[in-house]
Amino acid sequence: MSDIQHAFSPEEIQRLKLQPENVTVPAALILLFPDHFTTQTRARKESRKRKILLHKGALTDGKFDRDKLKIAKVGDRVVPGFILAVQARMEHNYSESANHHKTPPFHLPVVYEDDYFAL
């Protein structure tokens, strides 16, 4: 309980109903990764951006089981045995539209074209 009392005020502990073995996703992120998630606001924002995965139970052969895996929401509770995973991009400044200027690897004929779209 001392970790929770150190990271959160008594009002927050009561409001969020935090217990040593039952905390919210943002609270778990703050407790597990204090260097990366320094505030509740940052932890909540990362959760809202759908970057946090929650696996309910142990891994199967070291792999996530899709039936037990879900995108964590701010209000989800984390209990012992659950696994939190933080998704991160592998490259900084990665642009998903970087491949839009390349020519397609196949020929696609245009059947109909006007000012707004082409088929």
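**View 1. Asp-61 is an exposed residue in the loop between S2 and S3.** Its relative accessible area is 75%, where exposed means over 50%, buried under 20% and partly exposed in between (1.4 Å probe, protein chains only). Phi of Asp-61 is near 55 degrees, a positive value in a residue other than glycine. Helices (H or I, at least four residues) and strands (E, at least two) are DSSP runs, numbered from the N terminus. The model is predicted: local features need pLDDT of at least 70 and side-chain atom pairs count only at pLDDT 80 or more, while totals for chains, interfaces and linings use all residues. Residues are numbered from 1 along each chain as its sequence is written, and side-chain values use heavy atoms, with hydrogens and water left out.

**View 2. Arg-50 has a positive phi in a residue other than glycine.** The angle is near 65 degrees. Arg-50 is placed in the loop between H4 and S2. With a relative accessible area of 53%, Arg-50 is exposed.

**View 3. Three strands form an open antiparallel sheet.** The order of the strands is S3-S2-S5, and two strands pair if DSSP finds at least two bridges between them. Strand S3 (69-71) and strand S5 (82-86) are the edge strands, each pairing on one side only. From one strand to the next, the twist averages 25 degrees. Strand S2 (residues 52-56) pairs with S5 in the antiparallel sense over five bridges. Within S2 and S5, Leu-53 stands opposite Ala-85. Strands of a sheet pair through backbone hydrogen bonds, either parallel or antiparallel.

**View 4. Helix H3 (residues 25-32) lies across S2 and S5.** Helix H3 runs at about 75 degrees to S5; axes are lines fitted to C-alpha atoms, for helices over the stretch in contact (heavy atoms within 4.5 Å), and angles run from 0 to 180 degrees between N-to-C directions. Six of the eight residues of H3 are buried, so this helix is largely enclosed by the rest of the structure. The buried residues are Val-25, Pro-26, Ala-27, Ala-28, Leu-29 and Ile-30.

**View 5. The largest nonpolar core has 18 residues.** A nonpolar core is a set of buried Ala, Val, Leu, Ile, Met, Phe, Trp, Tyr and Cys residues joined through side-chain atoms within 4.5 Å. Leu-18 and Leu-84 touch the most other members. Helix H2 (10-16), H3 and S2 each supply at least two residues of this core, and H3 gives the most, with five residues. In soluble globular proteins, nonpolar side chains tend to be buried together.

**View 6. Lys-51 and Glu-46 meet in a salt bridge through their side chains.** The N to O distance is 3.7 Å; a salt bridge is a side-chain nitrogen of Lys or Arg within 4 Å of a carboxyl oxygen of Asp or Glu. Glu-46 lies in helix H4 (residues 40-48) and is buried, with a relative accessible area of 11%. Lys-51 is partly exposed, with a relative accessible area of 31%. Not counting residues up to four places away in sequence, Glu-46 touches Phe-37, Lys-51 and Ile-52.

**View 7. A salt bridge joins the side chains of Lys-70 and Asp-76.** Here the N to O distance is 3.2 Å. Lys-70 counts as partly exposed at 30% relative accessibility, whereas Asp-76 counts as buried at 15%. The structure holds two salt bridges.
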